[in-house]
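Trainee: I have a model open and would like to go through some of the terms used for it. Can we start with how the chains meet?

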Amino acid sequence: MTLYHILALSGVVFSIGIFGVLTRRNILGILMSIELMFNAANINLVAFNHYLHPGNVWGQGFSLFVITLAAAEAVVGLSLVLAIYRNIKSVFTENMNLLHG
Amino acid sequence: MFFKEDIVPQGADRWIHWLAPVAACAPAFICFAPVPFGRDIVPVDLDTGVLFILAISGLSVIGILMGGWGSGNKYSMLGGVRAAAQLVSYEIPRVLSVVPILMLYGTQNLRLITMAQQARWFNFFPKWFVFYPVIGQISFLIFLICSVAETNRTPFDIPEAESELVAGFHTEFSGLKFAFFFLAEYAYVFLASAMAAALFFGGGDGLWVRGGIIPSWLWFLAKTSVLVFVFLWFRWTYPRLRVDRLMQFCWKFLLPWSFINIALTGAWVLVH
Amino acid sequence: MSLIFYVFGALLVLSALGVVLLKNVFHSAIALVMALALVAGIFVMLGADFLGASQILVYVGGIMIIMLFVIMLSQQPVEALQRQVNEQWLLAMILSIAIGAGLAEGFKKYFAYHFKSPGLMPTSVSIGRLLLGEMIVPFEAVSLALLAALVGAVLFSQEQKDK
């Protein structure tokens, strides 16, 4: 279990998250894939803190802020999804094309 | 109950219906790890014991939501959503009521918190947190009320509400699955009492412990049993709160008082 | 300890695949809950015990519950039969595999050395000192950001009152 293994794991989860963001039709699925990407980045931060800078906890503090801001962003995104659903009664992205050229 | 037929409704989601009792019950047993059952009798001596218990208790809300959704039944879903809203709301004053203890004792380790309560005022009065003027009592009352709400016990048992929503989120579960939901509830009642005994009543501390006459785990179990009796006593005594009044009680009364409590504890720590 | 890491890693990759590939969006939310709990376990293995508990408290006990609420409130019976992946999936798969491979190569070039793994220590006190000491400005700024998010969420989720 070296540093490289943990970074490889977070790289795999990050690319799975990118696949999810680009392909999901349900907008809640897109939000969930974004959360996956946040978590992959957090694993990276904590792994670097543990292996490269064992004396301090800056990586973990940064990670705590990422968790907090991801919570804020998820809340705002989900309230937007609710407002959209109330208007067009659908959560699929191909129906949200009012601004389409 | 073991031999009852396991019924899954036709419109239900089989996987979610199967996993919901597991997700509701498993966190209840994990949470018992950092609880100090006596002097130096701790299964896992965790340095983030308090945060661990409070975090894992929040996991069972997912089980309740899964139970409400997986039943394929409008009323179950409504009961599940109400239960989840109630649980999430009452988690906040519960966590905030534990903060004064962390401020005073400077550690989250439950064993160290109980050890710090072995001191004595005037050489005979135990220095348990519940005896600290004002801050101890407010913290204990808020923690007790929020634990009653967290475990869906009367007077906060709208989610179960036998007379209103049939049985809320666990209507469509029969046999052992139903047993798991109730096992989770009772395990959480015991856990909340054990936590209150360790945090507020000096768990394991008491008369004649030092000489070894009465073992510390007996004191801990006695305190926990008294608190479980208080939970049961509430159930016999109080009528059920209506849902909107329940939410008002949490957000408009308990939450401001827990903030005031933290401020008062800050003043106490400053003075002493 | 390596065995636990491999088990957690394999389950994490499986849950992540479940999030992006499962047809029923409620199922993929449950898969995300499992993924987040496993990430908390990995945090604890890397010595971040306070962060792991906070991850469970905030992410699983907060964000995922809100997301499950919204999924339950915006469900439609017909959608369970439609496919969840849009028509650009091949291109997206190529792109994500390319990004993943690029990341793995970049990490191998710089970080494939054996770093000594220090012992595990409790971190609550250090994080408290850091947050209120050197990171106090981001701490206060995040509280402002949370206030803005709170106000925004309440504003957006109000019913439109037509006159």
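This is a predicted model: local features need pLDDT of at least 70, side-chain atom pairs count only at pLDDT 80 or more; totals for chains, interfaces and linings use all residues.

Trainee: How do you know that chain A and chain B do not touch?

Mentor: Contact requires heavy atoms within 4.5 Å. The nearest C-alpha atoms of chain A and chain B are 15 Å apart, and the two chains do not touch.

Trainee: Why is helix H2 of chain B called mostly covered?

Mentor: A residue is buried when its relative accessible area is under 20%. Eight of the nine residues in H2 of chain B, residues 49–57, are buried. Among them are B:Val50, B:Leu51, B:Ile53 and B:Leu54.

Trainee: What do the buried residues of H2(B) pack against?

Mentor: Their partners include helix H1 (14–30) and helix H4 (74–105) of chain B, together with helix H3 (49–73) of chain C.

Trainee: How many helices and strands are there in chain C?

Mentor: Chain C has six helices and zero strands.

Trainee: Why is chain C called more spread out than a compact globule?

Mentor: For 163 residues the globule rule gives 15 Å, but the radius of gyration of chain C is 20 Å, well over that value, so chain C is more spread out than a compact globule. Its C-alpha trace spans about 65 × 40 × 25 Å along the principal axes.

Trainee: What share of the residues in chain C is buried?

Mentor: Of its 163 residues, 42% are buried.

Technical notes:
Residues are numbered from 1 along each chain as its sequence is written. Chains are lettered from A and ligands numbered from 1 in the order in which they are written. Side-chain values use heavy atoms; hydrogens and water are left out. Buried means under 20% relative accessible area, exposed over 50%, partly exposed in between (1.4 Å probe, protein chains only). Helices (H or I, at least four residues) and strands (E, at least two) are DSSP runs, numbered from the N terminus. The radius of gyration is taken over C-alpha atoms; the globule rule is 2.2 Å times the number of residues to the power 0.38.
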